[in-house]
Amino acid sequence: MRRSQILLLLGAGAIAAALVAILVVTQTGANAPARIDAHHLTKDVSAKELRHVLEAADVIDTTTPKAELTAEGKHLFRDPALYQDGLSCQSCHTEGGANADLGTQMHPTSAGDFTGPRDPPALWGVGETAPYLLTGSVPTLEELLARLIRNFFKDGNPTPERVAALAAYLRSLDPPVTSFDLGTMSSAALRGQRLFQGKAGCISCHSGPLLTDNRLHNTLVPQVPGANDPGAASPPHAFNTPQLRDVANTPPYMHNGVFTTLRQVVEFYDKTASTAPLNLTDQEKNDLVAYLNAL
C-alpha cells in the first residue's frame, strides 16, 4: 500500500457502510451483553424479487414528493415496533450518527462467518458512500435496505415503498455543521489540514466532501485478541474507507474499534500501518488530531 494512506478506516465504520446487522453489544461496565441488530444478513432476497423491488422503488422515488418519502423513511428508521427485538436502526445510528455509547458489537460465531467486534458507523452522507457494509459487499443503498428489511423487520417484507422511503430519509442525513464548514478552524487544525493533504498523505484515500474515496483498502489494522475478521475477499483483508465527518464523536475507531482515541489512530498510521513510517513529530500528531476533531 502507498505511504499516503494514513487514517484509513476511521470512524465508525464504514459507511457505509451500513445500517444494522445481528451482533451482540459489549458496553463498558455491563454485566452481560445485550442482543442488537448488526451486519449479519442471513436471510436472502432472491435476484428476481430484488430486481422487482429496486425497479418499483425507483418509480416511487421519482413520482412521490421527496418530503413525504423522507418523513415516512424517518418513521421506518425509528419505530421499534417494526423490528425484531424492538431494536430499530435508530438504536445504533442515533439521529444518523454513530451511537458511541453502544461501543463495539461482538459478532456471534457461525459456520463460515467472521468472529469479533464491529464498530457501528455514522450515516452522514451515506447516499454518497457506496459500496456498503464494511467489506463493500453491497453495491447500492437500495439493495442494502432491501436486505436489511428482510433480515430485521418483524415481517421481513422489503416492499418498494419501504425501500424508497428509507433511502430518501438516509439521503437527507447531512453531517453536523462544524468549524470545518464555517471556516473557523483553530491554528492547530489548519496546520493539521495541511499535513492531512501533504506530508501525512491522508487525502489520497480520504478525499472529497465526505473525505472518502469509496474504495476498499488493507492498511494492516490489528485484530482484536480472539477475533477472526478477514475483511473483504478482494482486495484481501481490506475494509471500506469511511467518511470522516463528525469523526470526533464516533469512537472507538477502525472497523473493529481497536483504537479508542484519534491520537492512537494517528500513532498507528505513523508507526505501524502499511503507510509507516511517516516520521511525524509530536506536534504534527497533535495538529492532525485537532483537524480531525474539527471535521
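## Confidence in the model

Residues 1-38 have a pLDDT that stays under 50. For this stretch the predicted model has 184 contacts beyond four places in sequence. Where pLDDT is low, the predicted coordinates should not be read in detail.

Averaged over the protein chain, pLDDT is 86. A score of at least 70 is reached by 83% of the residues.

## Overall make-up

The protein chain contains nine helices and six strands. It has 295 residues, and 55% of them count as buried.

Contacts can also be sorted by how far apart the partners are in sequence. Taking the contacts in the protein chain between residues at least 6 apart, 71% join residues at least 24 apart.

## Helices α2 and α5

Two packed helices are described by the angle between their axes and the distance between the axes. For helix α2 (residues 66-78) and helix α5 (residues 160-170), the angle is about 95° and the axes are 7 Å apart. Angles of 65 to 115 degrees count as roughly perpendicular, and α2 and α5 are therefore roughly perpendicular to each other.

On the α2 side, the residues that meet α5 are Lys66, Leu69, Thr70, Glu72, Gly73, Lys74, Leu76, Phe77 and Arg78. On the α5 side, the residues are Arg162, Ala164, Ala165, Leu166, Ala168, Tyr169 and Leu170. By type, the residues of this contact of α2 with α5 comprise nine nonpolar, two polar and five charged.

## Helix α8

Helix α8 spans residues 262-271, and its buried residues are Leu262, Val265, Val266, Phe268, Tyr269 and Asp270. Which helix do the buried residues of α8 pack against? They pack against α9, which covers 282-294.

An α-helix has 3.6 residues a turn, so residues three or four places apart point the same way.

## Cysteines

How many disulfides does the structure hold? The number is zero. Cys92 is in no disulfide, and the nearest cysteine sulfur to that of Cys92 belongs to Cys89, 8.7 Å away. With a relative accessibility of 2%, Cys92 counts as buried, because the cut-off for buried is under 20%.

How values were computed: Residues are numbered from 1 along each chain as its sequence is written. This is a predicted model: local features need pLDDT of at least 70, side-chain atom pairs count only at pLDDT 80 or more; totals for chains, interfaces and linings use all residues. Side-chain values use heavy atoms; hydrogens and water are left out. A disulfide is a pair of cysteine sulfur atoms within 2.5 Å. Buried means under 20% relative accessible area, exposed over 50%, partly exposed in between (1.4 Å probe, protein chains only). Axes are lines fitted to C-alpha atoms, for helices over the stretch in contact, and angles run from 0 to 180 degrees between N-to-C directions. Helices (H or I, at least four residues) and strands (E, at least two) are DSSP runs, numbered from the N terminus. Angles under 35 degrees count as roughly parallel, over 145 as roughly antiparallel, 65 to 115 as roughly perpendicular and the rest as oblique. Contact means heavy atoms within 4.5 Å. Ala, Val, Leu, Ile, Met, Phe, Trp, Tyr, Cys and Pro count as nonpolar, Asp, Glu, Lys and Arg as charged, and the others, Gly among them, as polar. pLDDT is the predictor's confidence in each residue, from 0 to 100.
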